[in-house]
Amino acid sequence: MLLLLVAVLGVFLAQRFVSRGPRGERLSGTLLVTGISPRPPATGHQFVTIAGVINGPNVNEHAVYQRMAVDVEHWPTVGQLFPVVYSSKNPDNWRFAPPAPPPPPEQQPPVV
């Protein structure tokens, strides 16, 4: 009985620490918002439900639906286009693309 318990524990730990196979790479695309939940009267981050279609390198008008927290001051509207990143294996696994980093400041030559 003890041997069986150790075997079950070993299998459980092996599943936890062993890689589950290759993950899909992240691809860039655009989300066209086709549906949105109403904007709440509150301020700050609130939950929004977004429906739309993603276009990207390996998908063409793939319908998606997701609930997420968004700042009320930047509430999406129907017809807006957003840059998104999504999994190449599962385009339903998407999120808004991170903002582009600011350009590096220009280097001035030293004054002698």
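Buried residues make up 22% of the 112 residues in the chain, where buried means under 20% relative accessible area, exposed over 50% and partly exposed in between, with a 1.4 Å probe and protein chains only. This is a predicted model, in which local features need pLDDT of at least 70 and side-chain atom pairs count only at pLDDT 80 or more, while totals for chains, interfaces and linings use all residues. Residues are numbered from 1 along each chain as its sequence is written, and side-chain values use heavy atoms, with hydrogens and water left out.

**View 1. The chain holds 1 helix and 5 strands.** Helices (H or I, at least four residues) and strands (E, at least two) are DSSP runs, numbered from the N terminus. Among contacts in the chain with a separation of 6 or more, 58% are between residues 24 or more positions apart; a contact means heavy atoms within 4.5 Å.

**View 2. Helix α1 covers residues 2–17.** Its 16 residues reach 23 Å from the first C-alpha to the last, close to the 22 Å expected at 1.5 Å a residue. That expected span is 1.5 Å times one less than the number of residues. Helix α1 is hardly covered, with a count of 0 buried residues among its 16.

**View 3. Strand β1 (residues 26–36) pairs with β4 in the antiparallel sense.** The two strands share 7 bridges; strands count as paired if DSSP finds at least two bridges between them. Along this pairing, G29 stands opposite V84 of β4, and S28 stands opposite V85 of β4. Strand β1 also pairs with β2, again antiparallel, over 6 bridges. Here V33 has G52 in β2 as its bridge partner.

**View 4. Strands β4 and β5 form a hairpin with 6 residues between them.** They run antiparallel and are joined by 3 bridges. Look for Y86, which stands opposite W94 in β5. Strand β4 is mostly covered, as 5 of its 7 residues are buried.

**View 5. F82, W94 and F96 form one aromatic cluster.** The structure holds 2 aromatic pairs. The rings of F82 and F96 have their centres 5.0 Å apart and their planes at 55 degrees, so this pair is tilted. F82 belongs to strand β4 (residues 81–87) and F96 to strand β5 (residues 94–96), so the pair ties together parts that are 14 residues apart in sequence. The W94 and F96 pair is edge-to-face, at 5.7 Å centre to centre with 80 degrees between the planes. For these labels, rings of Phe, Tyr and Trp (its six-membered ring) pair if their centres lie within 6.5 Å; planes under 30 degrees apart count as stacked, over 60 as edge-to-face and the rest as tilted. How buried or exposed is each member? F82 counts as buried at 17% relative accessibility, W94 counts as buried at 3%, and F96 counts as partly exposed at 26%.

**View 6. The largest nonpolar core has 16 residues.** Such a core is a set of buried Ala, Val, Leu, Ile, Met, Phe, Trp, Tyr and Cys residues joined through side-chain atoms within 4.5 Å. L31, V48, I50, I54, M68, Y86 and W94 touch the most other members. Strands β1, β2, β3 and β4 each supply at least two residues of this core. Zooming in on M68, and leaving aside its neighbours within four places in sequence, its contacts are Q46, F47, V48, I50, W94 and F96.

**View 7. R67 lies over the face of F47.** The distance from the ring centre is 4.3 Å. A charge sits over a ring if NZ of Lys or CZ of Arg is within 6 Å of the ring centre and within 35 degrees of the ring normal.

**View 8. E61 has a positive phi, near 55 degrees, in a residue other than glycine.** Most residues other than glycine have a negative phi. E61 sits in the loop between β2 (45–55) and β3 (62–71). With 56% relative accessibility, E61 counts as exposed.

**View 9. R39 is placed in the loop between β1 and β2.** R39 and P76 are 37 residues apart in sequence and 8.9 Å apart in space, C-alpha to C-alpha. Beyond its neighbours within four places in sequence, R39 is in contact with V72, E73 and W75.
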